[in-house]
Amino acid sequence: MPRTRPDLTIGDLSGRRAVVTGASDGLGLSIAGRLAAAGAEVIMPVRNAVKGEAAIATIRQRTPGAQVSVRPLDLSSLDSVTALGRILRDEGRPVHLLINNAGVMTPPSRQTTADGFELQWGTNHLGHFALVAHLLPLLVAGHARVVSQISVAADQGAINWDDLNGEKSYSGMKAYSQSKIAFGLFGLELSRRSRAAGWGITSYLSHPGVAPTNLLGARPELGRDRQTVGRRVIVALSRRGILLGTPDSAALPALYAATSPDARDAGFYGPSGPGHLGGPPAEQKLYSRLRDEQEAARVWAVSEKLTNVAFAGIS
């Protein structure tokens with residue numbers, strides 16, 4: 001008897017504008033497709049325009065007439081983030097859903113962004129931090145839900161305040177964990193600051209569990225010419241329905257946070273199966289590394305300084 005895959009009922013999103021980063025493949029593509037199928041207009045900021053157009057074709061094959069379009073974005077370049085913010089602000093449409101899903105994982109050797117930051121710190125955290133700041137007026141106008149996609153890796157490691165850019169010592173996994181811890185702290189601090197300032201934005205954390213995505217696939221641009229052994233194991237287990245999720249099921253926690261009337265502001269959502277590796281979405285216990293409000297405020301202040309982007313002028 002075939003194994004039943006977890007799913008989620010999404011209400012009508014007609015008239016809603018959603019922005020999903022990392023939507024050209026993997027679980028980001030699944031997130032974008034499900035939002036479009038529910039009637040949302042979905043903006044997919046992508047680095048690779050060809051992959052972006054292929055993603056649009058995939059979504060429209062499943063949902064003819066879907067309102068999906070791409071915009072250029074390279075999260076590893078703050079100039080690119082600034083340009084996208086300007087494009088969307090010039091369009092003048094409120095943003096109702098923002099799912100910060102894109103990311104890079106564990107380059108075998110240290111790499112840097114266009115601005116000189118360690119690649120994972122600069123892309124996974126700082127790029128998204130700056131994007132939210134640039135979109136703030138649109139998010140306020142849309143009373144937006146902002147979902148920050150973190151990882152089970154945020155339950156290990158720490159922020160190395162003495163070496164944020166991994167210049168003294170580099171470990172791909174430690175740098176990845178640091179970026180996801182910082183990003184989770186930011187998402188929770190965004191909720192607190194929105195409440196204090198009356199922005200009307202709600203902010204959620206999600207994690208996808210473990211599923212076969214391109215994070216650990218062959219990425220020559222990251223210095224990884226073939227998929228990792230770990231990804232091969234993940235693919236094999238996922239195909240057999242053993243513990244782990246699929247790209248479609250791994251998308252469900254972020255979708256739940258973005259759309260469910262039962263999701264609560266500052267809530268953390270992930271798979272509810274054994275080890276929280278797969279299964280239906282449910283609220284999770286907040287990782288210990290994400291509970292320190294002073295640490296979150298420090299992340300916010302350092303991120304504003306490093307990106308030269310301030311959450312100002314909105315009240």
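At 37% relative accessibility, R93 is classed as partly exposed, because that class lies between buried (under 20% relative accessible area) and exposed (over 50%), with a 1.4 Å probe and protein chains only. The model is predicted, so local features need pLDDT of at least 70 and side-chain atom pairs count only at pLDDT 80 or more, while totals for chains, interfaces and linings use all residues. Residues are numbered from 1 along each chain as its sequence is written, and side-chain values use heavy atoms, with hydrogens and water left out.

R93 sits in the loop that joins α3 (78–91) to β4 (97–100). Helices (H or I, at least four residues) and strands (E, at least two) are DSSP runs, numbered from the N terminus. Neighbours within four places in sequence aside, R93 is in contact (heavy atoms within 4.5 Å) with R17, E41, L88 and L138.

Eight strands form an open sheet with mixed pairing, in the order β3-β2-β1-β4-β5-β6-β7-β8. Its edge strands, β3 (68–72) and β8 (281–283), each pair on one side only; pairing requires at least two DSSP bridges between two strands. On average, neighbouring strands of this sheet are turned by 25 degrees against each other, direction ignored. Within the sheet, β6 (residues 202–206) and β7 (residues 268–271) pair in the parallel sense over two bridges. S206 stands opposite Y269 in β7.

Axes are lines fitted to C-alpha atoms, for helices over the stretch in contact, and angles run from 0 to 180 degrees between N-to-C directions.

| Helix | Strands | Angle |
|---|---|---|
| α4 (residues 119–141) | touches β4 and β5 (145–149) | about 180 degrees with β4 |
| α5 (residues 172–197) | lies across β4, β5 and β6 | about 155 degrees to β6 |

The axes of α4 and α5 are 7 Å apart, and the packing angle is about 15 degrees. Residues making the contact include W121, H125 and F129 of α4 and Y176, F183 and L190 of α5. By type, the residues of this contact are nine nonpolar, seven polar and one charged. Ala, Val, Leu, Ile, Met, Phe, Trp, Tyr, Cys and Pro count as nonpolar, Asp, Glu, Lys and Arg as charged, and the others, Gly among them, as polar.
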